[in-house]
Amino acid sequence: MQKSIPLTWRRIPERYRLLGTKCTNCNTNYFPTRIVCPKCRRRGKIEKVQFRGLGRIYSFTEISAPPAGFEDQVPYVLAIVELEEGPRLTTQIVDVVGKGVKIGDGVAIVFRVIQRDDPEGLIHYGFKFRLV
Amino acid sequence: MRRVAIIGTGMTTFGEHWDRGFRDLVIEAGAKAIQDANLQGNEIEAGYVGTMASGRLVGQEHIGALIADYMGLNPIPITRVEGACASGGLALRQGFMAVASGMHDIVVVGGIEKMTDLGVEEVSDILGGAGDQEWELFLGATFPGLYAFMARRHMFEYKTTEEMMASVAVKNHKNGAKNKFAQFQKEISIETVLKSKVIADPLKVFDCSPITDGAAAVVLAPVELAKKYCENPIEIIASGQASDAIALHSRESLSKLRATEVAAKKAFEMAKLSPKNVDFAEVHDCFTIAEIMAVEDLGFFKKGEGGRATLDGKTALDGEIPINTSGGLKACGHPVGATGVKQVVEVTWQLQGRAEGRQVKDAEIGLTHNVGGSGATAVVHIMKRV
Ligand SMILES: [Zn+2]
């Protein structure tokens, strides 16, 4: 996976603060950000929008075979969370195991280390969620 | 548009080919298909080849030129096509369009992936490129994890069970045991699947397709020329392709693949047929839940009934509609770029009566269904005897 410094840097507003976009033509919120509204295309008007970081679990799994960079976190719960404002995103649910989670559970954003490169490398931060 | 037929087929065995490299595999499949079509080689006007990740798996890009060179086909044009695990199916569609349009008469289509030169962790990372790197994989998702999201929703919405998913693997291993080209030629039980190691709950090792080396190829010609080369050509009567959001979280539903529904609808319209007319199919079972969704999305069973139908044997070799007679991705193996072409080889062999040991009786119409990644690309082809 590409994890260069510029890539990490340019995603900071989205990864740290859950800054997304909204199309004011059709009133649809998007996360991650989009340049074009897929519904309105040329008629769309895209603006930045700050999400509150509250939502519900739409689907989930417990990952036992981790990708590189996540070995020290297994097993961990990964979920698709539907934000109050509408969009869904993929995220980790912290401080819980798979059996402790159900579809529909309420969650709130927390700021955590996502993964680290080798010991000398970059530490990648961003959003995760916890049960509320 | 001209009518298009398959006049030759060939494939390598699927498995771990430590002794053979990328070019060895793709050339073997291509040479077999050209021989099967009784061609000298001079008749071939163009080629399309599907591979997902040759650049990262074996460090080789520019594979169209490599294949033209090593097949002895210079200077004809050969073009690489990429759509993750649907690369092979997309390559076939390009070949189909080239012949249908009248641009070319004889066209070779191949699919190839050489995956075992790297370790499992590296291969998994590379296959992750089929999903959304920045917003799925970077945050800790894996491909089994993405399909686990779909399985969880399917279980939630339709009461699908782990046993139903396991029955897909059991059925496909049973078919694979009858296919000498398959990676796994051994039957397994429901218990084997249910007791295997959990990878991404509820998916276990035996719910997942393996890492595989392999290649497959077909030769296409206009129907009016087909009989000149081949006694029993098989016509491709429809081709449909569709796209959907790259990330699962941006899709409307997780319990179906909309790209499959749309690609199938387009293909059935083009063929002027309905799902009821299909006698058997090769579908994209990269995970067991994927086959359950596929048989629903393609219209063979109602939404939510694919798991029960599989458990009840309706998709077995002697069932209502045999699914994945080759063993599917699960048992025949899944060299990603080769899979879509292998499906077409299997359907052709069934329609020609050449599917030794696993022949579907009175097979008239067959369908292939090839998916890229977690469902952002789907391609469907329908075939029948000329
Ligand atoms: Zn809009």
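## A short tour: a helix pair and a zinc site

Start in chain B by selecting helix α7 (residues 143-158) and helix α12 (residues 288-297), which pack at an angle of about 60 degrees with their axes 9 Å apart. Axes here are lines fitted to C-alpha atoms over the stretch in contact, with angles running from 0 to 180 degrees between N-to-C directions. Helices (H or I, at least four residues) and strands (E, at least two) are DSSP runs, numbered from the N terminus.

This is a predicted model, so local features need pLDDT of at least 70 and side-chain atom pairs pLDDT 80 or more, while totals for chains, interfaces and linings use all residues. Residues are numbered from 1 along each chain, chains are lettered from A and ligands numbered from 1 as written, and side-chain values use heavy atoms, without hydrogens and water.

Now show the side chains between the helices: B:Y147, B:M150, B:A151 and B:H154 in α7(B) meet B:I289, B:A290, B:I292, B:M293 and B:E296 in α12(B) (contact means heavy atoms within 4.5 Å).

Next, move to chain A, which has two helices and eight strands. From the N terminus, its elements run α-α-β-β-β-β-β-β-β-β.

Select the zinc ion: its protein donors are the SG atoms of A:C23, A:C26, A:C37 and A:C40, 2.2 to 2.3 Å away. Donors are N, O and S atoms within 2.8 Å of the metal (3.2 Å for Na, K and Ca). In sequence, the donor residues are spaced C-x2-C-x10-C-x2-C. Finally, pick out A:C26, in the loop between β1 (19-23) and β2 (28-30) of chain A, and A:C40, in the loop between β2 and β3 (46-50), 14 residues apart.
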